[in-house]
Each structure stands twice: as structure tokens, then as C-alpha cells.
Amino acid sequence: VSPVSSQPVHVEPARKSLLKVILLGDGGVGKSSIMNRYVTNKFDAHLFHTIGVEFLNKTLEVDGNQVTLQIWDTAGQERFRSLRTPFYRGSDCCLLTFSVDDNQSFLNLSNWKKEFIYYADVKEPENFPFVVLGNKVDVTERQVSTEEARLWCQENGEYPYFETSAKDATNVAVAFEEAVHRALAADDKADHLIPTDTVKLHRKPRSATACCS
Amino acid sequence: MAELKPPDSRRCTYFFLYDGSKVRGEGDPTRDGICYFYPEDTPLDMQDLLCGQLAGVSRCVSELSSSAVQTLRLRRCKFAIRMKEDFFWAFGCSMEVPTVSVCELLDHLISLFCFYNGSVRQSYQLSSKENLASEWARYLSHVLSGPSELHYIFQSVRTIDLSNVDPLLLLKAALILQACQRCPLVLAGCILFRGRVVSTQMPPELTIKVIVHESESYSKIQRSSGESPASSDGGSVSSAAVFLTPSELQDLKSAPVDKTSRFHPAAEKDAPPKKTRLSRTLSDAASCESEPPRPASCQSPQKGSISPHLSGSEDSAFSPAPSQRAADSPSPLSPCSNGTNASEAVEGDPEESHYHSFYSSGDVVSQTLSEGDGSAIEESVYLNGATSATFSADDSFGEEKMTAGLKAESRQPPPGSWAPDSLEDSPLVAMTLYTHRVNSLVLALLVEPGFMSDTASLEEVNHSSLASLNGLEAHLRAIPAAAPGAAGPYLFAHHDSVQHTLTTNVSGRPGGAPEHPFVRATSLLHSHFFDTETLQEAIIRNAGTAVYGTRSVAQETFFQQHGGSMRNSGIPNQQDSAFSLPSKARHRLLKHGVNLL
């Protein structure tokens, strides 16, 4: 669609203007730091445990459309489970996070995935966009190799895998961009699944003002 | 805020501020001196009459007795009176309301005004009468907006209903505040949700004042200039100038904050010099000097022990200036080199002493003045130790006054306890109230005036709190509102006089008629507790029911059991069900977190 188009009728399906992306993973793997690095470009080595959930918004431009990315950071500790799980619903993408210097956090990825699918009430888990992040690649003593992690991603549904470091900003932005694209792609796919024989002439994208200036 | 209702006429019949400096000559009309009058639709003649008479009588009695009038009774209306310089405040309500509560309400009202506008005189020099009238109206409506009559008797900090809130969320709120305090320009803060306190680092007196801003912040944003635009994150950040009394400031600054964990330890030195908006030398002296550490006894545990009421810190706003008093009454106590301490030591807690004398019927000095319309004005004269000592009274009042004064003295707080801000006329210190709103959640911080122009500090505070505030808001919003439980088989009210919180199952719903006797009994008992220092437990009863009240230095609790036949034969009887009230109260109230053991 040409950006100069002044026609109110668009053929392109409406895209979501708010994307909810949720960070899950064991306590201490760096979920809050990843969110802070991406949104405020800051790193604080002395963050307290997250209690319950927190979130930040970031506005992005994707294919000429304004998209608000709402990044939800969650508490990884088991004792906060009942506080965080009610907020899984409505997520458009899930970032499963582990720390490359903590093998247990890697092993727990499957549990996190299960917990998410259960509480988010995902209809088609096999099509839901997950992205896997191996954080803290800045540390020298790794317990999880890149190969192991890639293998897990492959076996579980071809999830994209990123090795990140919130501390020195490695791959953080790239990972979120991938999450956005996956989420939008899944959204488009879902849109196409709706059986529509009719052409909706009056359908306007929510972000109409943004693209027809 | 939805809770803001127009003032209940039962709760406040009149409120006015009268500026005597505007009415000097014989020909000056009284109405020139009326700064604000509630109800606003009162006919001007009526306003003139009331202002003229109350102000005249109060001034006359004050001059005769060399002490300020604190309460007046006019037929079925009770007035709390405050005078400062040429200003005269009167707050009138029905006789049912305890005198202590009426005085607290007026003090609270004045302190709210001063908190947001600075000194009254200066406000009226800088701003128009109309603008300030809307300020008074706003504070009045807030002061009177309590959900039930009990909130009118006990001015209290309204906290969120904790019954459904995961304690971890309270921890989360406390951590947000702590994170903000890492910025050296941040003094203290509180977090409010739907106008109720979730967590606070401030003393209750300050928290109560800050809540007013929150409840009005939306309209305020439109009215006042100098607001920061809404942040891109959907929340809105704003700021307002506020004015703290020196003792409030000292309390905040002496709070144990781990300075080493602050963001920029070096910035402490760079903090802008504290200055007041008013160029008064005393203020500069007070704020530039290093704050002396307060004695341990100043700290909170004893705060409520002496004066279990709110208004202690507001005395500065209304009492006559010390110099004036010293001139009026040749006090045998020679003024110390430190005038501040002298006035503190001499004066103690003027209200306490006054109430005492007021309630002990023998001490009440009353006169009846026949007015033009025939209404009798009965008045009580406030006496304190300092002034009574100076009476060379040869009339019959003399002894009574002396007695009252001595009694008052015996109730003076020991030095070092929560000395109310009796630094008369102490200059207020300008600070800034920073607020960050996320939907129904508000983070309010008292910050140094330089904070709003310090981009680094602003950003630091914003970054450290935004995500958590978003999350906390989402959590609190997800909590279902507690269903208004059916009135149980009992009514209770529990007032924590240290935290200034009120826990009660009195709903204050329009159909709450059955609750009214309980509220009345509570009000009566509250008065008695205030009046009689040694009274700890009391039962008030009529033929049908009984209300039990108990208090300690930190709390007052009232309890009424419904149902069950009263076994009351009129003579002392072990079977009398009223005697089982204390144990029932202990048992029943445990589940409300009230421990009477």
C-alpha cells in the first residue's frame, strides 16, 4: 500500500497495534535486565527480584506502521507463581529465557513453556511464536553450549534462538525485533484462517492515521 | 476521585476565614474581610453577622485573657476557632461531634491550605480571593469526604483494603519507594491506588496531605502551569509546589535512608541549597545549618503516646506570634536565648491543655454575652500554663484559671516527645511534590525543588520505577473489589493513633441508620478518652445495647455486639451481658487484625 494513498479503503488486513511479549524463565537469568536494556538502554547489576509482573512499552515502526510493544517481565521464583500466571493471557509472543551459565535454567525451559501454554490458554501451542534467549553470554564460564541450546529449539518447534547479554547489549534488540516479526506473522496467519468470502470494503486498519498522512 | 462528595452539611455547618486587617476603620464593611465562607450560598448579611460576632467575641476574650480562644459554642453549633495575626478561622459543626475532632478538622484544613499554598498571608498577597476560595472549597470537600461519620471523628489515612491484597504486592510497593529514594533529591514518597494508600514512607500527617493532590491531580493538570507533559509511556508526570513545616522536613531528613546506596553519593554536596520562597532570615538560618540529630525519643514510637490526635504539627499555622504573647503577658519565665525552645517548653501542647480545661466542667470559664439578636454565646477560654501563671487575678475566675493552668501543665508532653510544631510562625519550606500516575496508581514523591529541573535524577527515578508501577497497577487492578459484606453481628472501629489508620466495619451507607448509635457512642467515648488521660476502658449503654471502648497509647477500639437480649436488671449483676463485651471484643476482633490482649 502506498503511503500517499488517501483512499479510506485498504485491502491489507489490519495489524495489531499493540503486541504483548512476555519474558519467562528462572529467577536470576536476567529477564528484567533484558527488558531494561532494550527499552531504556540501561543496565543495573543490583536489581532486586521482580515481584509478580512488570511491564514497559516501546513504540516501534514496523513496515511503516506504529506498533506498541508491551514487554512483560515476570518473577522467576516459584513463590511468585500465583502472582505472575494471571498475566500470561493475551500474549502475542513468549520469550523463553535462560542463562548460559546456569544449566538448570536451561533444563527448566520445557517447564516454562508448559506453564505458559497452560495459563495463557494457547489454542494451538504448535503454532504459537516462542523465541528462546540464552542470556549472560558475557560471562566466561558457560554451562550451556550454543549447540545444546539450538538443538533444544529445533526439537521443540523450530524456535529462533539468540544468545544475548543485557550487560553489554549483545543481541537484545535483534531478539525483540524477531519476536515482533514472529508475533505479527502469527497474527497474519490467524487472520487468514478466518474464512472470509466477502471483501470488507469498509475495514480500516487501526493505525490508519499513521500510514495515510 | 469518586469518593469526593460535596461536604455533608451535618458535618460542617459553617466554615470561614476572616481577615481582620481588611476591616480597620469604623466604616469598613465586615464583608471586606471575609476571605472565604462556607456554605457559599449563605446570604451576605448572615455572613457579616457570624464573622463579625465570632471574630469580635474571640478577639475580646483573647485580649482579656491573654490567650487564644480555641472553641466557641453558639446555640447548637460548636466552633473551632483559630487565630493567627489578623486571620481568623472558624469551623462550626453540630454539638454531636467531639470537640477534639472539630479542632483537628480545622487544623487539618489550615495545614492542607498551607501545604499547597504556603503561608496564608502571602497567598492572599499573591493570589486572588476567588482563586483561594476554590482552594478552601477543595480542601473542605476533601476533609469532609470520609466514607462514614467515623472518618469524620478520626481523621485518618485511608489505606487500601488489605484483605484481598497479597502482602508481596505491599513489598513491591515499598521496594519501588526505596528505589526512588536512591536519588538524593528524593526525600520520601508514597504510593496510592484509587486515592488510598498502598505504601508510604511519610509520616501520616504528610501522607494525608499528599492524598489531596492525588485526588485532584487531573483537574490540577489542566489548571496550573508548569506541568510536564504526559510521558510517552502513557503515564503522566506532574509536579506541584508544596510547603513543609521545618519539623516535617526534619522528620523526613532524619529518616534512616542508607545514603551509601544512593545513586550519586557525590551529588549530596551538589544538592541545591534549600531555600524558602519567602526571604526570611530565620528560614535561611534553619535550613542552612546542619540538621542536628534528633534525640531518639523524637522518633515515632512515642509520637502518638502523648497527643493521640492529628493536629499537633499544625499549631504553627494559627497560634499568636510568640513575640506578641510575650509582650501581652509578662511571663515570669525569662525567654531563653533560643526563642524556639522557649516557646516549646512554655507552651507544651496548647490544645491538650485547652481540652482538658474545657471538659473539666469546673475549669470552664464561661460568659454569656447578650447579643443583639438575643443569642447566647458561650465561650471557653483557652488557658495554658504560661499565661495562667501570669494572672494577678482578683476576680473569681482567677482561681479557676489557675487550676486549669496547673492541670494543663501536668499534661504537657515531656520535652523531646512529639513536640508539635510550636515554632510559632516558623517559616514554611518550599519543596516539590512529584507525582507519576499510571491509570489509578500514583507514585507521589516529596523532592527537593531542584529535582524537576535535574534531568538525570528525573530519568533515574522514572527508569527505576516505571516498569514496577505498571506491574503494580496491573496487579492491583486485577484484585476484585471486596463485596461489601453484610453487617456482621457486631460493629467495631479501631483507630491506630500512631499510623492514623481506621479499621471498621461501619459502612456509612445511606441506609446505615442502625449504625448511628454506635457512631454516637464512639464519638462520646473518644471525647472521654481524650479528656481523661487515665481512662482505659469504658462501656456506654442504654436499655437496649452497650458499646465497649478501650484504648492504649497507640490505639482506640470500640465494639458493639448486636442481638442477644441485654440482661440488665438495673443493679450490678454478674449475668449482665455488657460485662462480657470486653472478652467478645478481644475474640471477635482478632480476625480483623486487632489485638486487644
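A polar contact is taken here as a pair of N or O atoms within 3.5 Å, of which, within protein, one must be able to donate a hydrogen and the other to accept it; residues adjacent in sequence count only if both atoms are side-chain atoms. Applied to the interface of chain A and chain B in this predicted model, the rule finds ten residue pairs in polar contact, both members having pLDDT 80 or more. On the side of chain A that touches chain B, α1 (31–40) and β2 (53–62) of chain A each supply at least two residues. The largest share of that side comes from β2(A), which contributes five residues. By class, the side of chain A facing chain B has ten nonpolar, three polar and four charged residues.

In total, 17 residues from chain A and 19 residues from chain B take part in the contact. The two chains bury about 1,500 Å² between them, with 62% of this area on carbon and sulfur atoms. Within chain A, the residues that lose the most area to chain B are A:Ile51, A:Phe55 and A:Leu83, which together account for 32% of what that side buries.

Salt bridges were also examined. A search of the whole structure finds 20 of them over all chains, and the count between chain A and chain B is three. A salt bridge joins A:Glu54 to B:Lys172, with the closest N and O atoms 2.7 Å apart. This pair crosses between chains, running from strand β2 of chain A, where A:Glu54 is located, to helix α6 (residues 167–181) of chain B, which holds B:Lys172. Strand β2 of chain A thus supplies both A:Glu54 and the largest share of the chain A side of the interface.

Chain B is divided by the domain assignment into domain 1 (12–148), domain 2 (167–222 + 235–251 + 427–478) and domain 3 (490–592). Taken over C-alpha atoms, the centres of domain 1 and domain 3 of chain B are separated by 33 Å. Seven residues of domain 1 of chain B are in contact with nine residues of domain 3 of chain B. The area buried between these two domains is about 560 Å², and carbon and sulfur atoms give 55% of it. On the side of domain 1 of chain B that touches domain 3 of chain B, three residues are nonpolar, three are polar and one is charged. Between domain 1 and domain 3 of chain B there are zero salt bridges, and one residue pair is in polar contact, both at pLDDT 80 or more.

An unreviewed UniProt entry places the feature "domain: CCZ1/INTU/HSP4 first Longin" at residues 13–118 of chain B. The end C-alpha atoms of this span lie 26 Å apart, and the span is 39% helix and 29% strand.

Two features of the backbone were noted. Most residues other than glycine have a negative phi, and most peptide bonds are trans. In chain B, a cis peptide bond joins B:Tyr38 and B:Pro39, with omega about 0 degrees. B:Pro39 lies in the loop between β2 (34–38) and α1 (44–65) of chain B. In chain A, the phi of A:Asp121 is near 60 degrees, a positive value in a residue other than glycine. A:Asp121 is found in the loop between α4 (109–120) and β5 (130–135) of chain A.

Methods. Residues are numbered from 1 along each chain as its sequence is written. Chains are lettered from A and ligands numbered from 1 in the order in which they are written. This is a predicted model: local features need pLDDT of at least 70, side-chain atom pairs count only at pLDDT 80 or more; totals for chains, interfaces and linings use all residues. Side-chain values use heavy atoms; hydrogens and water are left out. Domain bounds come from an automatic or database domain assignment. Contact means heavy atoms within 4.5 Å. Buried area is the accessible area (1.4 Å probe) that two parts lose on being put together, summed over both. A salt bridge is a side-chain nitrogen of Lys or Arg within 4 Å of a carboxyl oxygen of Asp or Glu. Ala, Val, Leu, Ile, Met, Phe, Trp, Tyr, Cys and Pro count as nonpolar, Asp, Glu, Lys and Arg as charged, and the others, Gly among them, as polar. Helices (H or I, at least four residues) and strands (E, at least two) are DSSP runs, numbered from the N terminus. UniProt positions are given in the numbering used here, feature names are shortened, and annotations may be inferred rather than shown by experiment.
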